[in-house]
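This report looks at aromatic side chains, salt bridges and a surface patch in one protein model. The sequence and structure come first, and the description follows.

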Amino acid sequence: MDDQTRIELEAAVFRTLREHLMEKRTDVQNIDMMNLAGFCRNCLSRWYQEAANARGIEMGKMEAREIFYGMTMDEWKANYQTDASPEQQADFQKSFDENVGKDG
């Protein structure tokens, strides 16, 4: 497979993953994704931002999130986010520290 085809396939997979998380599985909470898989929608938006920045495209955290989510974080939270239990929050802090880092 040539590089261009590989890049196009990877981009298609990313778009499908984003659509799945943003349209088909809005019921899945970021905190549960992070606790189970070590990444969440916010991580994906951060990786998007980092890729843009690495290519000299200035993009901040909130801009990347709005691009990824297709709405502001306030809109996402109001529409889809539920309150996390103390246990979820404790698990999240451990997962975040392990997968993102204490300075992330």
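In this predicted model, the charged end of Arg-18 sits over the ring of Phe-68, at 5.7 Å from the ring centre. Phe-68 also belongs to a cluster in which ring pairs link Phe-14, Phe-68, Tyr-69, Trp-76 and Tyr-80.

A pair of aromatic rings is described by the distance of the centres and the angle of the planes. The count of aromatic pairs comes to six. One of them is formed by Phe-92 and Phe-96, a tilted pair with 5.6 Å from centre to centre and 40° between the planes. Because Phe-92 and Phe-96 are four residues apart in helix H6, which spans residues 86–99, about one helical turn separates them. Phe-92 counts as partly exposed, its relative accessibility being 26%.

Phe-14, a member of the ring cluster, also contributes to a nonpolar surface patch of about 230 Å², which it makes together with Tyr-48 and Ile-67. Tyr-48 lies in helix H3, residues 41–54, and is partly exposed, with a relative accessible area of 34%.

Helix H3 also holds Ser-45, which counts as buried because its relative accessibility is 1%. Apart from neighbours within four places in sequence, Ser-45 is in contact with Ala-64, Arg-65 and Phe-68. The C-alpha atoms of Ser-45 and Ile-67 are 7.8 Å apart in space, although 22 residues separate the two in sequence.

Side chains of opposite charge can pair when their charged atoms come close.

| Salt bridge | N to O distance |
|---|---|
| Arg-6 and Glu-10 | 3.1 Å |
| Lys-24 and Glu-19 | 3.9 Å |
| Glu-98 and Lys-94 | 3.9 Å |

Arg-6 and Glu-10 both lie in helix H1, residues 3–24, where they are four residues apart, about one turn of the helix. Arg-6 counts as partly exposed at 35% relative accessibility, and Glu-10 counts as partly exposed at 43%. Together with Asp-3, Arg-6 and Glu-10 are linked in a network of salt bridges.

In the bridge between Lys-24 and Glu-19, Lys-24 counts as exposed at 57% relative accessibility, whereas Glu-19 is partly exposed, with a relative accessible area of 33%. Glu-98 and Lys-94 both lie in helix H6, four residues apart, about one turn of the helix, and both residues are exposed.

Notes. Residues are numbered from 1 along each chain as its sequence is written. This is a predicted model: local features need pLDDT of at least 70, side-chain atom pairs count only at pLDDT 80 or more; totals for chains, interfaces and linings use all residues. Side-chain values use heavy atoms; hydrogens and water are left out. Patches are made of residues with over 30% relative accessible area and no salt bridge: like charges are joined within 9 Å, nonpolar side chains (Val, Leu, Ile, Met, Phe, Trp, Tyr) within 5 Å. Accessible areas come from the Shrake-Rupley method with a 1.4 Å probe; for residues, only the protein chains shown count as cover. A salt bridge is a side-chain nitrogen of Lys or Arg within 4 Å of a carboxyl oxygen of Asp or Glu. Helices (H or I, at least four residues) and strands (E, at least two) are DSSP runs, numbered from the N terminus. Buried means under 20% relative accessible area, exposed over 50%, partly exposed in between (1.4 Å probe, protein chains only). Contact means heavy atoms within 4.5 Å. Rings of Phe, Tyr and Trp (its six-membered ring) pair if their centres lie within 6.5 Å; planes under 30 degrees apart count as stacked, over 60 as edge-to-face and the rest as tilted. A charge sits over a ring if NZ of Lys or CZ of Arg is within 6 Å of the ring centre and within 35 degrees of the ring normal.
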